[in-house]
Amino acid sequence: MTATPGEKPKAPGLLDGKLSPLRPLRASGNLFAFALDVIRAVFRRPFQLREFIQQTWFVASVTILPTALVAIPFGAVIALQLGSLTRQLGAQSFTGSASVLAVLREASPIVTALLIAGAGGSAICADLGARKIRDEIDAMEVLGISPIQRLVVPRVLASMLVAVLLNGLVSVVGVTGGYFFNVILQGGTPGAYLASFSALAQVQDFWSGEIKALIFGLIAGIVASYKGLRAGGGPKGVGDAVNQSVVITFLLLFAVNFVITAIYFQLVPPKGQ
Amino acid sequence: MGVAVHVEGLTKSFGSQNIWSDVTLTLPPGEISVMLGPSGTGKSVFLKSLVGLLKPERGSIVMSDTDIVSCSERDLYDVRRLFGVLFQDGALFGSMNLYDNIAFPLREHTKKSESEVRSIVMEKMDMVGLAGTEGKLPGEISGGMRKRAGIARALVLDPEVILFDEPDSGLDPVRVAYLNQLIVDLNAQIDATFLIVTHDIGTARTVPDNLGLLFRRHLAMFGPREQLLTSQEPVVRQFLNGRREGPIGMSEEKDVAQVEAEMAALEARGGDQHNGVGPKGASGGEAVPPQLEPSPGLPERKAVRRRQERVARMLHTYDPATADAIRASLPADLLALADSGSYAPTAAGGREWRTEDGAELVVPDPRGRP
């Protein structure tokens with residue numbers, strides 16, 4: 001750049017343009033615009049069935065085992081906490097129902113969210129980022145094929161489907177783990193544990209968990225694809241993109257989880273009232 | 001016949017950093033053009049702007065009545081099918097083998113049966129000399145083969161314009177020679193408009209019909225190959241001769257006094273003719289070497305005659321050295337026509353081959369004249 005006369009030359013600052021109040025606004029605006037593009041592209045034919053199935057299998061294969069392994073101790077911790085808490089309160093007969101409630105409503109969507117963002121989302125982001133820096137994405141656009149329709153939509157749908165299925169898996173594994181720890185290790189009564197299952201929990205709790213998982217899958221898929229497609233600056237750029245995508249997804253997931261839970265309690269009255 | 005690409009007043013910046021401004025040129029239909037420029041002058045940015053991957057702030061890129069800069073997303077996807085692009089490393093899809101890579105655009109865009117796809121893919125692979133490697137993955141083949149596969153994929157939708165981003169990068173001189181011959185052969189066979197972005201002076205001297213040079217955020221010069229090869233413009237001379245003496249510095253431009261001192265020293269040594277051979281095939285002073293011909297057995301390049309008619313029409317606009325070099329390349333009938341003054345001068349200082357009202361000039365058939 002040539003300096004124009006009369007203008008005082010300024011040393012470049014570390015924070016040039018980085019403190020602008022518009023920066024986060026622009027970034028979130030871009031993310032939302034991208035999400036809208038993806039939603040619009042979902043309805044565009046032809047649907048990429050093959051890619052969808054491949055991606056579903058891929059996301060499932062990187063998340064199933066870690067999810068199951070995380071779900072067991074998670075269920076156990078809840079069972080242990082509740083076991084001692086109910087004993088202190090003298091409400092041992094509710095141990096089973098409380099642990100089912102905790103697993104279905106919160107633990108299982110959160111575990112699903114962590115795994116979908118941490119394992120599935122990071123894999124999607126790394127894959128798209130590597131394609132981006134190898135010019136594959138540009139090549140695809142030049143061939144007249146929309147990368148959003150061809151690559152992003154199948155991935156977002158795949159992560160939504162897998163999230164819903166994983167949530168079911170975590171629920172089963174978590175409740176089973178809770179039963180095991182409560183009955184076998186803490187000496188609870190199996191009959192009481194099973195009988196109290198439906199004392200507090202209701203079917204709506206399961207559905208709310210599934211809806212949460214669906215939305216978490218959507219957010220994880222969109223953020224991972226957004227960051228992956230905007231990777232730049234060589235291999236390091238891909239690493240940065242993966243890192244950012246996981247962090248942003250976590251932040252969004254926990255915020256959205258709070259909102260959905262608040263809405264849920266307004267819509268669905270607790271049992272027994 | 002390929003289509004023309006008209007670039008008018010194009011300006012591109014990233015943030016506050018201007019890449020180039022006011023680039024105006026026309027890629028003549030069916031001809032091969034080369035864009036030169038020091039590293040970092042935005043040649044690749046120019047290429048990406050042409051296919052609409054980047055949006056310039058000002059100017060227009062018009063091809064088949066569509067302005068790529070301002071058209072809608074839908075039109076952009078349509079007009080992109082007229083383009084074939086060879087990216088620097090081929091940009092093949094890493095998860096597919098060569099056959100699937102080349103068949104990809106056909107499967108996405110056409111409803112052809114698998115046997116039709118197969119025959120087209122095999123034809124294109126044969127054209128670029130890759131027959132027999134269908135099952136290989138892009139990671140398993142050499143850089144030169146990746147580029148050939150990238151060209152085959154770019155050819156598969158029968159594009160009107162083909163852009164090559166540094167086809168010579170990472171290749172040895174022999175493979176570059178083969179690739180250049182392939183480019184000329186392809187031009188003879190499909191008669192599309194070609195634009196090559198490169199640093200390789202050997203390529204620039206022998207392959208194209210037209211040459212351009214980007215420097216200091218501007219298009220320094222664009223015109224028939226003879227115009228740049230004989231040019232006395234210091235930047236053009238320095239670049240084509242691959243020497244340090246001249247206005248182009250290591251990263252930024254040099255100051256005037258230093259350039260003058262360097263040029264004096266160069267003249268004292270005997271000028272470019274006695275300066276030896278520079279890197280990347282840079283040599284030869286201001287000589288205009290013969291252009292590459294298509295391989296024997298292939299049709300003539302139709303662009304050659306079109307170009308001769310075009311430059312004959314603009315002959316009077318060039319300086320004497322350029323005009324002499326062009327005259328040497330013209331056939332007798334066109335030369336006579338140009339000298340008789342029956343060719344009307346073209347608009348826009350000879351940059352265009354169109355008349356003032358925008359219609360394409362009807363070239364009188366010289367053989368039909370009394």
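Author: Leaving aside residues up to four places away in sequence, A:Ile148 touches A:Asp37, A:Val38, A:Ala41 and A:Val153. Keep in mind as you look that this is a predicted model. You'll find A:Ile148 in helix α5 of chain A, which covers residues 147-185. Is A:Ile148 buried or exposed, or something in between? It counts as partly exposed, because 19 other C-beta atoms lie within 10 Å, while a buried residue needs 20 or more. Now try finding A:Val111: A:Ile148 and A:Val111 are 37 residues apart in sequence, and their C-alpha atoms are 28 Å apart in space.

Let's stay in chain A and move to a pair of helices. Two packed helices are described by the angle between their axes and the distance between the axes. Here, take helix α3 (residues 95-133) of chain A and helix α9 (residues 234-267) of chain A: their axes come within 9 Å and cross at roughly 150°. That angle is why α3(A) is roughly antiparallel to α9(A). The crossing of α3(A) and α9(A) is right-handed. If you want to trace where they meet, the residues on the α3(A) side include A:Ala113, A:Ala117, A:Gly121 and A:Cys125, and those on the α9(A) side include A:Val238, A:Ala241, A:Ser245 and A:Phe250. Sorted by type, the residues of this contact of α3(A) with α9(A) come out as 14 nonpolar, nine polar and no charged.

Next, hop across to the other chain. Eleven residues of chain A are in contact with 17 residues of chain B. On the chain A side of that contact, you get five nonpolar residues, one polar and five charged.

Chain B itself has 13 helices and ten strands. Of its 370 residues, 42% are buried. Among the contacts in chain B between residues at least 6 apart in sequence, 67% join residues at least 24 apart.

One thing to pick out in chain B is an open sheet of six strands, with mixed pairing and the order β6-β7-β8-β3-β9-β10. At its edges stand β6 (83-86) and β10 (218-224) of chain B, each with a single partner strand, so one side of each has no neighbour in the sheet. On average, neighbouring strands of this sheet are turned by 15° against each other, direction ignored.

Conventions. Residues numbered from 1 in each chain as written. Chains lettered and ligands numbered in written order. Predicted model: local features only at pLDDT ≥ 70, side-chain atom pairs only at ≥ 80, totals over all residues. Contact = placed C-beta atoms within 7 Å. Nonpolar A, V, L, I, M, F, W, Y, C, P; charged D, E, K, R; others polar. Helix = DSSP H or I, 4+ residues; strand = E, 2+ residues; numbered from the N terminus. Buried ≥ 20, exposed ≤ 12 C-beta atoms within 10 Å, placed from the backbone. Pairing = 2+ DSSP bridges. Axes fitted to C-alpha atoms, helices over the stretch in contact; angles between N-to-C directions. Parallel < 35°, antiparallel > 145°, perpendicular 65-115°, else oblique. Left-handed = near helix turned anticlockwise from the far one by under 90°.
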